[in-house]
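Dear colleague,

I am handing over the structure below, followed by notes on what was found in it. Please read the notes with the structure open beside them.

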Amino acid sequence: MHELSITQSMLEIVLKQAEQSHAKKVTQINLIIGEMTGIVSDSVQFYLDILTKETIAAGARVSFTIAPSKAICHNCNQVFELKEFDWTCPRCRGNIIDVTAGKELIVDSIEVE
Amino acid sequence: MEIKVLKDILGANDQIAAKNRELLDGHKVFAVNIMASPGAGKTSVVLQTIRALKDKVKIGVIEGDIASSIDAETVAKEGVPVVQINTGGECHLEAFQIQNALNNMPLADIDLLLIENVGNLVCPAEFSIGEDLKVLIASVPEGDDKPYKYPLMFNTVDVIVLNKIDLLPYVKFNVDGFTKTVKNINTKVELFKVSCTTGEGIQPWAKWLHAQIRLLKKDVSL
């Protein structure tokens with residue numbers, strides 16, 4: 001359900017950028033989405049189709065690049081990908097870690113005509 | 001033609017959240033964003049926190065719900081100012097809703113603002129609302145496997161209050177395992193174990209929260 005607010009905020013950024021670039025049409029929106037956010041691409045596309053009617057982004061496709069969840073180990077500084085049920089460091093088995101990636105919600109680029 | 005944008009989708013929300021924070025800081029109000037799944041005991045924790053602290057600090061409450069004002073009515077009986085936000089279907093509170101609610105809150109007369117978010121373990125984790133503290137209420141009947149299932153929420157919060165510990169004799173819940181998982185997912189998190197039914201553990205939580213408020217206000221007379 002958070003996809004509606006996320007899509008609205010995303011579209012505001014996209015339309016503003018398109019206007020600044022004097023674009024006539026937005027054909028694709030490339031997003032970087034952190035694995036941990038649980039944002040569903042089909043759902044974003046669904047809301048986008050509704051929200052973009054009557055705008056220059058009507059018919060635009062959304063493309064997701066998923067950013068994997070990563071962390072850094074306090075003990076040995078190893079950066080590693082977080083597994084579903086295991087957040088311990090694969091090198092030293094340390095369990096004091098800081099999450100460094102996986103929460104991204106970014107408009108990376110847009111494709112325009 | 002491809003145009004590089006590189007903008008945070010939550011940037012607009014975060015800007016309003018920063019304004020809320022500025023307004024709250026200006027009035028020296030300590031704001032707590034309380035999140036949990038439905039039924040974990042957010043309102044019960046709010047009520048117990050009010051009862052434990054209302055002689056020491058002045059408290060206000062913002063109640064976020066998809067619909068109804070049941071919680072606001074319950075909390076208002078404690079004699080504190082309450083503003084109800086009905087999100088009308090949205091599954092979380094956003095900074096702009098808090099901005100509106102703050103207009104109706106007597107900020108000059110408040111030290112502590114408790115904001116009860118919409119019951120949900122997913123979406124509220126993403127939206128800052130201008131709070132000083134993010135608190136998650138977990139509860140024993142939900143099971144001890146929730147941290148790895150909702151990592152963003154468990155990783156994002158500053159405090160976890162494990163509620164309904166009076167049910168531990170009846171429910172399969174490994175407290176040590178839960179604690180270990182939580183500390184792995186969120187190294188810096190503070191963990192409190194409480195029962196809003198028996199009152200067990202409420203004092204340590206209230207005492208800790210009180211200390212945080214005094215720190216913000218730099219006022220030991222509170």
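In this predicted model, Ile34(B) has Val135(B) as its bridge partner in strand S6(B), and Ala36(B) is likewise partnered there by Ile137(B). These belong to the pairing of S2(B) with strand S6 (residues 133-139) of chain B, two strands that run parallel and are joined by five bridges. S6(B) also pairs in the parallel sense with S7(B), again over five bridges, and in that pairing Ile137(B) has Val161(B) as its bridge partner in S7(B). Because six of its seven residues are buried, S6(B) is largely enclosed by the rest of the structure.

These strands are part of an open sheet of seven strands in chain B, with the order S4-S3-S5-S2-S6-S7-S8 and parallel pairing. At its edges are strand S4 (82-86) and strand S8 (190-193) of chain B, each of which pairs on one side only. On average, and with direction ignored, neighbouring strands of this sheet are turned by 20° against each other.

Ile34(B) is also one of the residues with the most contacts inside the largest nonpolar core, which has 93 residues; the others named with it are Leu113(B), Leu136(B) and Val161(B). The strand that gives the most to this core is S2 (residues 30-36) of chain B, with six residues. When its neighbours within four places in sequence are left aside, the contacts of Ile34(B) include Lys42(B), Val45(B) and Val46(B), as well as Leu114(B), Ile115(B), Glu116(B) and Asn117(B).

Helix H2 (residues 42-53) of chain B lies across S2, strand S3 (59-65), strand S5 (112-116), S6 and strand S7 (159-163) of chain B, and runs at about 165° to S5(B). Helix H4 (residues 95-103) of chain B, for its part, lies across S3, S4 and S5 of chain B, and runs at about 145° to S4(B).

Which residues of H4(B) are buried? They are Ala95(B), Gln97(B), Ile98(B), Ala101(B) and Leu102(B), and, seen down the axis of H4(B), they fall within an arc of 155°, so they line one face of the helix. These buried residues pack against helix H1 (11-26), S3, S4 and S5 of chain B, whereas Asn100(B) and Asn103(B), on the other side of H4(B), are exposed.

Finally, the interface: 31 residues of chain A are in contact with 26 residues of chain B. On the side of chain A that touches chain B, helix H1 (2-20), strand S5 (97-101) and strand S6 (105-112) of chain A each supply at least two residues, and the residues of that side divide into 15 nonpolar, ten polar and six charged. The two chains are also linked by strand pairing, in that S6(A) and strand S1 (residues 2-8) of chain B pair in the antiparallel sense over five bridges, with Asp8(B) in S1(B) as the bridge partner of Ile106(A).

With best regards

Conventions: Residues are numbered from 1 along each chain as its sequence is written. Chains are lettered from A and ligands numbered from 1 in the order in which they are written. This is a predicted model: local features need pLDDT of at least 70, side-chain atom pairs count only at pLDDT 80 or more; totals for chains, interfaces and linings use all residues. Two residues are in contact if their C-beta atoms, placed from the backbone, lie within 7 Å. Helices (H or I, at least four residues) and strands (E, at least two) are DSSP runs, numbered from the N terminus. Ala, Val, Leu, Ile, Met, Phe, Trp, Tyr, Cys and Pro count as nonpolar, Asp, Glu, Lys and Arg as charged, and the others, Gly among them, as polar. Two strands pair if DSSP finds at least two bridges between them. A nonpolar core is a set of buried Ala, Val, Leu, Ile, Met, Phe, Trp, Tyr and Cys residues joined through C-beta atoms within 7 Å. A residue is buried if 20 or more other C-beta atoms lie within 10 Å of its own, exposed if 12 or fewer, and partly exposed in between; C-beta atoms are placed from the backbone. Axes are lines fitted to C-alpha atoms, for helices over the stretch in contact, and angles run from 0 to 180 degrees between N-to-C directions. The arc is that of the directions from the helix axis to the C-beta atoms.
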